[in-house]
Amino acid sequence: MTTALITHDDCHGHVTPDGHPEQVARLHEVLRALENKDLLRREAPMADDATILLCHPLAHLEALNAAAPETGSVQLDADTHMSPGSLKAAYRAVGGAVQAVDMVLAGEVQNAFVATRPPGHHAEKQSPMGFCLFGNVAIAAKHALERHGLSRVAIVDFDVHHGNGTQDLLWDEARALFISSHEMPLYPGTGAQHEVGAHGQITNIPLSTGTDGGLYRKILTGRILPLIETFEPEMLFISAGFDAHKDDPLASLALETEDFGWITDQLCALAGRICGGRVVSCLEGGYNLPALGASAAAHVDALIAAGGSSLR
Ligand SMILES: [Zn+2]
C-alpha cells in the first residue's frame, strides 16, 4: 500500500501580501522536500459547493464569492487575505482533503498527505480567519461520516495554534473526536481545557511556551493516543501544522524536525491497530521555510513507512 500526495498548482495562485508568513513559497518548499519520495501523486479536484456546505452555511460561501477580487488583494481580517486565485485554491484545498478520504476508503492507498493552501483549521462557520477560508479537515471528516457512512472519526491537530475553526465546525458533531494541542497564550486565544464540545468529544491541550519534543512525546503517548484508542475511530485525520518547530517565527514551542516524524509514527501505528491504518493528513501551518520542508518530509516519511508495513 502506498501513500498519496494530493496537491494542485492552483494552490500557488493564492497570493498573500509581501511579507505575509502564509506565502506561496511555503507550498513550493513542501513539494520540493517531497519531490523524490515514493508517493502516488494526484491533483486535488475542486470541491463542489455541496461539500463545503457540509460544514459552512451558504452565507459564508456567498460572502467569500462576493469578496473575491478580480485584481489585487482584499483583506478579510487582520491576517487573512484573498487574491484573484484564492477562491480556486481554497476549493482545491477542500477538494484535495475530500479526495484523500475517498482514496483511502477505497483502499487505493493506505494513507494520504494533502499539501494545499490556504490552510483550514482557523476558518469558522461564517468567518474566514487566521489565513484560512474553508475548514478543510473538518469538511473532509464530515464527508467521511455523511457520505461514506463512517460511525466515528478522530482529528488530531498538532499545529502550534488552536484549531478553533475545526472546533467550531464540529462542536455539535458527536461522531468526531477532536484533539488540539497548542501553545497558550497564543493566537487565536481559544482552546482552553474547558472547551469540550457539545458532547465532550473535544479535548484541548494548551502547552506552555518552550514545550519541547520530549514533553510533547509524553503528552502524545499519555493523553492523545489513549483518547483516540478509546474513541475507536474508523479513520484518523491529522491537521499537520509544523509551526511548533523550534525555528518557527510565529510561535515559541521547541519541537525538532525528528519529533514530527516520531509523532506521525505513533499516530500511524495506532491507526494501524484500530482503524486499518487509514490516515488523512492535511497541511496547516509552518512558517520557517527550511523547518517546514524538513518537518513535512519527516511526516511524510512516516506515512510512507506506515503504508509499507500496514496489514489490511
Ligand atoms: Zn499554526
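Does Lys125 count as buried, exposed or partly exposed, and what is its relative accessibility?

Tutor: Lys125 counts as partly exposed, because its relative accessibility is 31%. Buried means under 20% relative accessible area, exposed means over 50%, and partly exposed lies in between, with a 1.4 Å probe and protein chains only.

Two remarks on the source. Residues are numbered from 1 along each chain as its sequence is written. The model is predicted: local features need pLDDT of at least 70, side-chain atom pairs count only at pLDDT 80 or more, totals for chains, interfaces and linings use all residues, and side-chain values use heavy atoms, with hydrogens and water left out.

Lys125 sits in the loop between strand 5 (111-114) and helix 5. Helices (H or I, at least four residues) and strands (E, at least two) are DSSP runs, numbered from the N terminus. Setting aside neighbours within four places in sequence, Lys125 is in contact with Cys55, His56, Pro57, His60, Asp168, Leu169 and Asp172. Contact means heavy atoms within 4.5 Å. Lys125 and His182 are 57 residues apart in sequence, and their C-alpha atoms are 21 Å apart.

Now follow the chain into helix 5. Helix 5 (residues 136-146) has 10 of its 11 residues buried, so it is largely enclosed by the rest of the structure. The buried residues are Asn136, Val137, Ala138, Ile139, Ala140, Ala141, Lys142, His143, Ala144 and Leu145. They pack against helix 2 (49-52), helix 4 (86-105), strand 6 (153-157), helix 6 (164-169), strand 9 (236-240) and strand 10 (279-283).

Take the pairing with helix 4. The axes of helix 4 and helix 5 come within 9 Å and cross at roughly 40 degrees. Axes are lines fitted to C-alpha atoms, for helices over the stretch in contact, and angles run from 0 to 180 degrees between N-to-C directions. The crossing of helix 4 and helix 5 is right-handed. A crossing is right-handed if the near helix is turned clockwise from the far one by less than a right angle, and left-handed if anticlockwise. From helix 4 come Ala90, Ala93, Val94, Ala97, Val98, Val101 and Asp102; from helix 5 come Asn136, Ile139, Ala140, His143 and Ala144. By class, this contact has 9 nonpolar, 2 polar and 1 charged residues. Ala, Val, Leu, Ile, Met, Phe, Trp, Tyr, Cys and Pro count as nonpolar, Asp, Glu, Lys and Arg as charged, and the others, Gly among them, as polar.

The axes of helix 7 (residues 213-231) and helix 8 (residues 257-274) come within 11 Å and cross at roughly 15 degrees. Helix 7 is therefore roughly parallel to helix 8. Angles under 35 degrees count as roughly parallel, over 145 as roughly antiparallel, 65 to 115 as roughly perpendicular and the rest as oblique. This crossing of helix 7 and helix 8 is right-handed.

Finally, the setting. The protein chain has 9 helices and 10 strands. Buried residues make up 57% of its 312 residues. Its C-alpha trace spans about 50 × 45 × 40 Å along the principal axes. Among contacts with a separation of 6 or more, 77% join residues 24 or more positions apart.
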